[in-house]
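Here are my notes for your first look at this model. Please read them with the structure open beside you.

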Amino acid sequence: MQPALENAFDLLEQSLIRYEGRPVGTIASSDPRAPAENYLDCFIRDFVPSAFIFLLEGRSEIVRDFLQLIVELRGQQDQMEGQQPLPGVLPASFKVRRRADGHEEIHADFGDRAIGRVAPVDSMMWWILLLRAYVRSTGDTAFAHSVEAQRTLRQIMSVALQGRFEVFPTLLVPDGSFMVDRRMGVYGHPLEIQALFFAALHAVRELLPETDENAWIRDLAARRQSVLADYVRRYYWLDIARLNEIHRYQTEMFGTDVDNILNLYPESIPDWVPDWLPDDSGYLVGNLGPGRMDFRFFANGNLLATIFGLARDGQGERILSTFEQRWDDLVGQMPVKLCYPAMVGKEWHLMTGSDPKNPPWSYHNGGNWPVLLWPFVAAALRVDRRDLAERALEIAARRLHVDQWPEYYDGRHGRLIGRRANFHQTWSATALILAERFLHEPAALAKLGLGPAEVS
Ligand code: GLC
């Protein structure tokens, strides 16, 4: 373990990005052969585990400078395809460019440069959650109460909470708006976004003081958090009892007092589900909308829902029990499979747009991602499954360092290094550091705000 950890810390140190002489972020990958130019960017989501480590190591000024920089970058987005930018929208990533005269410039990507022009909705949620982690670990409420931080919080909430043509409490987003930032049939109401939204709605009430000006946002956030929780806990939850219900659903039912509110057709249950779903456990499905239940198991959404308590008591335990009972599929030889099962054939062709980077059992389409180790360990500890956390960490620690910190692994069981994976991927290393830290110091979770959010 020790050489792996030392190596991981070295990688984290090497990945630091400096602006005006101060560290403000970490690059996604230090692999000189990384295929895409933006792996030298600091991605908001990739920085989160780096930031947690800095907070735990007493290097909180890096996190504060990062949070501050993002505040300054917001709204600096160029017009996108003629669209006016919204003030609360935060970038997916940024980089510092040094001009020939030594002057430094920051270039941010709001989805206007990203491959496929995907919108980074999760950045806004992660920024809020990181601000809370910073305040909890340092006690620096003055920073969160600064005019610009408060304005950013209100602007984010006003983008997220504004009325749309929607009837569900879940947040409607385009395809590829979170960690899965390619076309993967994850448009609509993907679970990971709902888990982050739920946690952000709670955090925002901790960060916006109870003033008259904030009263309406605090109220709206509390109400939305509560209806969102009820809806996800009830309709995203899948266990054998619920599967039986869906299997025998009546359809085409009009009116307010019906069971099958989304008009799900029993015929849409994929063949793999009835045999795969374990008897005494369950999970939250990947996505839900009119006539549509995406039965795929998305690990990060389930883990974040467990950590933040979007999964109700009992559900979190059962999610971890699904990991235990389907260990080979969901963890295998590298924790953790991002999405199970992979899409193949026509489904892959139609849902990914024939994406060669996402063939079956690779990358987002069924690849195993070391970064998911930290949410796995945090979720397992949260529901008293230390045994599973230790087991996963042991598997990861055996390979990651020897394999040079790949971004992801391929194959049904994650046995092969991802075909197009970068090496020296920062969040693969930071996940190992965090996992080890959480196991030795479970109190660190609360310090970082990684605990259940009560629904009022
Ligand atoms: C890929 C991943 C995305 C990550 C980025 C940088 O695009 O899909 O989640 O943020 O790489 O590591």
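1. Start with Asn365. Asn365 is buried, at a relative accessible area of 0%. Buried means under 20% relative accessible area, with a 1.4 Å probe and protein chains only. Asn365 sits in the loop between helix H14 (345–352) and helix H15 (373–382). Helices (H or I, at least four residues) and strands (E, at least two) are DSSP runs, numbered from the N terminus.

2. What does the side chain of Asn365 reach? It reaches the backbone oxygen of Asn358 at 3.1 Å. Asn365 is also in contact (heavy atoms within 4.5 Å) with residues beyond four places in sequence, including Met184, Trp348 and Pro360.

3. A word on the source. This is a predicted model, where local features need pLDDT of at least 70, side-chain atom pairs count only at pLDDT 80 or more, and totals for chains, interfaces and linings use all residues. Residues are numbered from 1 along each chain as its sequence is written, and side-chain values use heavy atoms, with hydrogens and water left out.

4. Now Met334. Its place is in the loop between helix H13 (327–330) and strand E11 (339–340). Met334 is buried, with a relative accessible area of 0%. Leaving out residues up to four places away in sequence, Met334 touches Asn368, Pro370, Ile395, Ala396, Arg399, Leu400, Tyr409, His413 and Gly414. Met334 and Asn287 are 47 residues apart in sequence, and their C-alpha atoms are 25 Å apart in space.

5. Next, the ligand. Which residues are around the ligand? They are Ala28, Tyr39, Phe43, Arg45, Asp46, Met179, Asp181, Tyr363, His364, Glu407, Gln425 and Trp427. Each has a heavy atom within 4 Å of it. This shell divides into six nonpolar, two polar and four charged residues.

6. Look at the ligand's oxygen atoms. One is 2.5 Å from an N or O atom in the side chain of Asp46. An oxygen atom of the ligand is 2.7 Å from a polar side-chain atom of Asp181. For the side chain of Arg45, the distance from an N or O atom to a ligand oxygen is 2.9 Å. The protein covers 96% of the 310 Å² of accessible area that the ligand has on its own. Accessible areas come from the Shrake-Rupley method with a 1.4 Å probe.

7. Last, the largest nonpolar core. It has 167 residues. Such a core is a set of buried Ala, Val, Leu, Ile, Met, Phe, Trp, Tyr and Cys residues joined through side-chain atoms within 4.5 Å. Phe94, Trp127, Ile128, Phe323, Leu432 and Phe438 touch the most other members. Beyond four places in sequence, Trp127 touches residues including Leu67, Leu90 and Ile156.

Methods:
Polar contact = N/O pair within 3.5 Å; in protein donor to acceptor, adjacent residues only side chain to side chain. Nonpolar A, V, L, I, M, F, W, Y, C, P; charged D, E, K, R; others polar. Buried < 20%, exposed > 50% of the residue type's maximum accessible area, 1.4 Å probe, protein only.
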